[in-house]
Amino acid sequence: MTASGAGGDAVWPLLLGVRHHGPGSARAVRAALDAYEPGAVLIEGPPEADAIVRLAADEGMRPPVALLAHAADDPGRAGFWPLAGFSPEWAAIQWALARDVPVRFIDLPAANTLAMAAEERPVPEADAGPDEPSEGAGQAARVRLDPLAALAGAAGYDDPERWWEDVVEHRGPGPGPGPTASAAPFAAVGEAMAALRAEHGDGGHEDDAAREAHMRLRLRDARREFGAEVAVVCGAWHVPALARRSTVTADRTLLRGLPKVKAEISWVPWTHRRLARHSGYGAGIASPGWYSHLFHAPDRPLERWLTKVARLFRDEDVAVSSAHVIEAVRLAETLAALRGRPLPGLAETMDAVRAVMCEGSEVPLALVRDRLIVGDVLGEVPDSAPAVPLQRDLTRTQRSLRLKPEAQDRELELDLRKENDAARSRLLHRLRLLGVEWGTPAASRGSTGTFRETWRLCWEPELAVRVAEAGVWGTTVLSAATAKAESGAVGATTLAEVTELAERCLLAALPGALPVVMRALADRAALDTDVGHLAQALPSLVRSVRYGDVRATDTAALTEVAAGLAERILVGLPPACVGLDPDGASEMRAHMEAVHRAIGLLTETSRTSAPTVAAGPGPVDAPASASAPAPASAAGGIAAAGPAGEPTSPPASGSGPGEVSEPDAAQGASVPAPAEVRERESLAAEGRAGALGVADRDVGLRGRWAGVLRGVAGRDGGPGVPGVIRGRAARLLLDDGRLAEDEAARLMGLALSSGTAPTEAAAWIEGFLGGEAGGGMLLVHDERLLGLVDRWLTGVPADAFTDVLPLLRRTFSAYDAGVRRTLGELVRRGPSGADESVGGGPRGQAAPAAPGFGPGLDAGRAAAAEPTVRLLLGLGSAPAPTPDDHHALEAAG
Amino acid sequence: MTVTVSGTESTESTESTQSAESDRVAGGAAEVLRPHAEHTFADELSALAAADDRPRPARWRLSPWAVATYLLGGTLPDGTVITPKYVGPRRIVEVAVTTLATDRALLLLGVPGTAKTWVSEHLAAAVSGDSTLLVQGTAGTPEEAIRYGWNYAQLLAHGPSRDALVPSPVMRAMADGMTARVEELTRIPADVQDTLITVLSEKTLPVPELGEEVQAVRGFNLIATANDRDRGVNELSSALRRRFNTVVLPLPATPEDEVDIVARRVAQIGRSLDLPEVPEGIDEIRRVVTVFRELRQGVTADGRTKVKPPSGTLSTAEAISVVTNGLALAAHFGDGVLRAGDVAAGILGAVVRDPAADRVIWQEYLEAVVRERDGWKDFYRACREVSA
């Protein structure tokens with residue numbers, strides 16, 4: 001055309017070597033296109049996109065967007081080519097579409113790159129994007145030459161990005177008018193790359209030969225179609241290869257035999273945040289917001305940028321005046337001069353902001369980084385763009401699971417033991433995570449088993465929109481849900497949020513997201529100072545561990561985190577129990593109970609899943625589990641109370657060592673017998689303090705929890721622990737068989753002695769005897785305790801009695817009618833029997849009188865009941881009656 | 001066991017260790033315990049001045065580039081080796097020097113032991129060739145220390161006159177276009193601090209008694225240091241704050257750096273206290289440094305577990321004191337080898353400043369982090385013993 005004096009044919013094809021996402025490159029490309037006005041524009045990108053490039057001019061299209069190519073039969077295999085408003089490719093597309101100049105994409109088809117990527121490495125689902133060679137940062141995966149780094153190194157820069165910025169991006173348009181000036185930087189970069197490639201060959205970019213051959217062929221086609229005057233926008237690295245002359249046959253040979261899949265392509269909305277990640281073009285950029293600013297600012301980029309920063313600070317109530325901005329500009333400019341840079345770059349600017357506006361603090365700076373340097377920009381794609389792969393994946397999954405989207409409301413019962421139903425449940429849970437509320441969990445009718453789930457299904461038309469929106473997160477339901485969960489975990493502010501997320505991740509079977517979620521969980525837990533929050537989080541976490549077992553998920557990480565959480569509670573609980581008002585006390589009591597149950601479950605779970613845990617990354621020294629107890633080695637265990645080397649004790653004879661061995665009738669009454677058996681087993685295991693293994697530690701955890709409870713129960717008086725908590729702690733210990741009855745009686749006596757304020761004593765009683773129905777049974781069976789209560793109650797002064805009455809009423813009214821009646825009868829019978837047992841010592845195993853029963857054991861009647869009880873306990877037909885049976889009989893009696 | 005580390009002490013605590021030897025060697029005045037920076041490094045400064053061909057701001061002895069080189073070290077074209085005075089991020093020195101060049105006052109913030117005073121002294125020495133125009137900030141620093149005082153004998157004998165006036169270091173710096181230094185700015189009472197506002201914004205110091213003023217000549221600037229863990233003692237007014245560019249000096253970046261600094265400093269102190277020779281307790285030092293770093297940063301060294309940071313500062317200087325203390329224990333009461341038990345009590349004292357909150361934090365740290373760690377069993381037990 002009018003390439004005045006530029007040597008006519010010599011400039012064509014106009015090769016514009018750029019850095020992907022470089023605002024300076026974009027500006028230069030625009031200027032060069034304006035100057036030369038080519039008849040066609042060729043762009044590095046998958047040729048499949050030729051068909052949908054028109055959409056880029058659509059009003060509904062707003063960058064950042066990405067070209068997304070995916071295998072038609074497997075949406076999980078996909079590649080992205082992101083384009084921001086400041087990308088040179090985007091600038092070229094816009095220029096061409098505005099002038100009705102044809103646009104062609106000339107890179108290797110996505111059909112090939114996707115197939116090649118699949119062959120190279122069988123990546124599961126998440127990121128199987130074509131491994132584009134990078135013009136920007138070095139690629140971690142393979143050792144490849146980073147052309148920019150090489151050039152920057154030659155120029156004495158240690159940071160390639162900075163070099164490129166100084167040399168290209170921060171340059172204004174070339175000096176002087178005319179087309180030669182606008183093309184000059186490209187020529188220079190082209191020469192540099194040629195020199196580099198002459199020295200380094202392909203620099204490790206093996207795929208490039210085929211890609212560049214394809215580019216040359218497409219370029220040849222284009223010149224035939226549109227005439228010689230075409231412009232090519234491609235990564236600077238490819239410029240020398242495109243300028244080289246080679247024969248058509250040679251190029252075709254290079255392309256022969258490339259694998260191929262059927263690929264489809266579409267536009268998807270993109271975000272600046274994702275631009276900052278390494279994907280697609282490979283040139284992940286760290287500061288899209290800054291680049292966008294550089295590209296769009298009409299003039300004085302530094303001043304405008306710092307004003308933006310100041311505005312951001314003001315919006316966040318940080319006082320920043322214009323004087324600050326002035327000083328920051330001065331500092332940034334002088335700093336750039338000191339560092340010998342032509343213009344202040346991002347580093348200088350941020351240094352200035354830190355020193356002048358932030359008083360040296362990094363905290364407000366993080367805000368700038370998040371909001372401005374990266375930015376929250378979200379692209380838009382017109383509705384006419386082809387459907388996103390996520391929708392396809394969903395449709396495919398729906399078909400294979402025989403779960404049709406119907407507008408009609410219906411209920412769905414799932415049995416998670418069935419493969420198909422489990423998959424359906426996972427899909428629904430994942431969709432819920434993605435904000436596609438197709439199904440909502442409903443209360444199960446009938447069965448309450450954990451393997452059953454009930455859903456209410458209803459497909460609303462707007463859910464399609466939700467699916468399209470969720471397309472930002474990934475190309476398949478699994479990968480999208482994983483990405484969403486990860487981002488949710490990182491962004492969550494409270495511990496409860498993360499725990500809930502963890503639970504949902506397990507339900508939705510997102511093992512990929514679990515590490516991130518667990519990390520977030522551990523972090524939140526570590527920083528949370530409120531034991532209450534931790535105590536709230538623990539039960540649901542432990543539930544997840546248990547539930548994970550049902551779904552056969554590997555919950556080793558979860559167990560680890562749960563144990564860590566329990567550990568923190570153990571440390572934090574005792575101080576948190578001090579100085580509480582009655583409301584706070586009852587809340588804390590609830591927490592304590594929840595934690596108690598959770599720790600019980602946790603230790604149980606970790607014992608059953610010990611081998612799994614041992615395989616995990618934890619510091620496991622010895623494979624310790626209940627079935628194969630570790631040999632007692634170093635006395636490293638904290639709760640090492642028992643004789644080392646005690647042989648494995650079968651549950652029946654499992655009288656653990658020390659104080660815990662005290663058999664206890666009340667326990668038999670309030671705790672189901674199988675649980676007791678397990679309990680004994682765990683106690684026995686604890687006695688054998690083994691090496692520091694995970695399972696062993698968990699048993700130790702239980703022991704230490706008991707220690708904490710004991711400490712709480714024993715703290716008395718003054719600004720000490722409220723009675724209700726002390727009472728509850730004592731009771732929990734007693735139920736676990738970790739508190740000898742004598743000791744319980746002593747504690748009760750202490751709590752109910754005349755030195756204690758009556759209300760405090762009543763609170764203790766509430767804690768010790770209140771709550772579950774089992775509370776009353778204890779009194780029925782242990783007349784000594786009843787006697788203590790009775791004596792205390794009769795001793796309460798008349799004026800205090802009215803204060804105490806409501807508390808006591810609350811405690812006793814919760815009992816079953818039968819229990820209340822029995823208690824009443826016992827009390828009416830008088831203190832004769834009670835006195836006896838108070839006076840008497842602890843009942844040994846051979847003690848004839850179980851409280852509440854006649855003296856001795858009626859062998860005849862017991863024998864009649866024994867087979868049934870055995871059956872109930874699943875003990876088989878063991879020979880002589882053991883202490884356990886004795887309890888069982890008592891319990892049954 | 002705690003040792004208060006004031007600003008002046010911190011001069012010596014970290015980076016000064018490298019130069020302590022050269023102090024002794026190069027010190028012109030042999031009897032002086034500690035010569036000024038401009039004397040100690042006179043050779044380097046003159047070599048830099050000779051090699052420096054870049055533009056210098058008015059009354060600067062060196063160009064900003066040469067000042068940065070003086071602090072960060074390097075080799076000049078003629079082969080002179082400039083020793084690094086500050087070991088840390090280059091960015092920080094560059095911003096500090098640039099701030100001085102743009103005629104803004106510089107505020108160096110940091111916890112004790114981050115070489116604030118050290119950096120300020122060397123900056124002043126390199127820029128103005130004189131690091132002695134110093135105002136030490138204390139709770140009792142009067143206005144006269146920043147503005148001017150009177151020679152009362154003169155004042156009574158001859159009335160107010162220029163001769164009776166005793167100029168402050170700041171005033172002298174203004175008159176001569178030099179760099180003034182204010183140490184521990186936040187220790188100075190707020191009303192006294194604010195006398196700096198006029199100096200920094202109007203660059204003038206009125207003397208109403210004489211109807212005169214001292215106007216700052218070009219080249220005048222001011223470097224202040226402040227302790228950012230002691231925040232809130234005498235918070236800078238926002239008017240004053242606005243006059244400063246702030247640079248935060250970080251704690252040593254890597255554990256190795258910090259272990260190195262602690263070990264060397266401990267050896268020095270041990271020598272000066274004439275402690276009996278105790279064999280290398282480098283493992284114990286490493287443990288102390290690890291504990292301090294982890295609690296300070298709120299995350300374990302492997303980056304996998306977060307921990308709550310306690311209220312104490314846990315600076316390098318405190319780590320030094322813990323180890324020194326442990327050495328003394330080991331030498332006088334122990335078996336002469338630095339063991340976990342010797343440092344445990346010291347660590348407890350350094351970490352647990354607030355008896356309620358810090359104790360929980362410490363125990364949580366012990367249980368969640370230390371107990372699990374390989375080879376730390378003795379340390380764990382020793383700590384449990386002293387914290388029980």
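Predicted model: local features only at pLDDT ≥ 70, side-chain atom pairs only at ≥ 80, totals over all residues.
Over which residues of chain A does pLDDT stay under 50, with 55 contacts beyond four places in sequence in the model? The stretch is 121–143 of chain A. There is also another one: residues 608–698 of chain A stay under 50 as well, and there the model has 174 contacts beyond four places in sequence. For chain A the mean pLDDT is 72, and 72% of the residues reach 70 or more.

Now chain A in outline. The chain has 893 residues, and buried residues make up 48% of them. I count 38 helices and 10 strands in chain A. If you take the contacts in chain A between residues at least 6 apart in sequence, 77% of them join residues at least 24 apart.

Three strands form an open sheet in the order β8-β10-β9, and the pairing is antiparallel. The edges are β8, residues 410–415, and β9, residues 439–442; each has a single partner strand, so one side of each is left without a neighbour in the sheet. On average, neighbouring strands here are turned by 35 degrees against each other, direction ignored. Between β9(A) and β10(A), residues 452–457, there are 4 bridges in the antiparallel sense.

Staying in chain A, where is A:Ala509 found? The residue sits in the loop between α20, residues 495–507, and α21 of chain A. A:Ala509 counts as buried because 22 other C-beta atoms lie within 10 Å, and the cut-off for buried is 20 or more. A:Ala509 and A:Arg426 are 83 residues apart along the chain, yet their C-alpha atoms are separated by 6.3 Å.

On to the nonpolar core. The largest one has 321 residues, and those with the most contacts inside it are A:Val517, A:Leu538 and A:Ala562. Helix α23 of chain A, residues 556–576, gives the largest share of this core, 13 residues. What does A:Ala562 touch, not counting residues up to four places away in sequence? The partners are A:Leu538, A:Leu541, A:Val542, A:Val545 and A:Leu602.

A brief stop at helix α4 of chain A, residues 147–154. Buried in this helix are A:Pro147, A:Leu148, A:Leu151 and A:Ala152. They cover an arc of only 125 degrees around the axis, so they are on the same side of α4(A).

Now the interface. Chain A puts 26 residues in contact with 32 residues of chain B. On the chain A side, the elements that give two or more residues are α13 (322–338), α14 (346–357), α21 (514–527) and α23. The largest share of that side, 7 residues, comes from α13(A).

That leaves chain B. Here 5 strands form an open sheet in the order β4-β7-β10-β3-β11, and the pairing is parallel. The edge strands are β4 (134–136) and β11 (244–248) of chain B, each of which pairs on one side only. From one strand to the next, the twist averages 20 degrees. Helix α10 of chain B, residues 169–176, lies across β4 and β7 (179–183) of chain B, and runs at about 160 degrees to β7(B).

Let me finish on β10 of chain B, residues 221–227.

Why is β10(B) largely enclosed by the rest of the structure? Because 7 of its 7 residues are buried. In a regular strand the side chains alternate between the two faces of the sheet. In β10(B) both faces are covered: B:Asn221, B:Ile223, B:Thr225 and B:Asn227 are buried on one side, and B:Leu222, B:Ala224 and B:Ala226 on the other.

Technical notes. Residues numbered from 1 in each chain as written. Chains lettered and ligands numbered in written order. pLDDT = per-residue confidence, 0-100. Contact = placed C-beta atoms within 7 Å. Pairing = 2+ DSSP bridges. Axes fitted to C-alpha atoms, helices over the stretch in contact; angles between N-to-C directions. Core = buried A, V, L, I, M, F, W, Y, C linked by C-beta atoms within 7 Å. Buried ≥ 20, exposed ≤ 12 C-beta atoms within 10 Å, placed from the backbone. Arc of directions from axis to C-beta.
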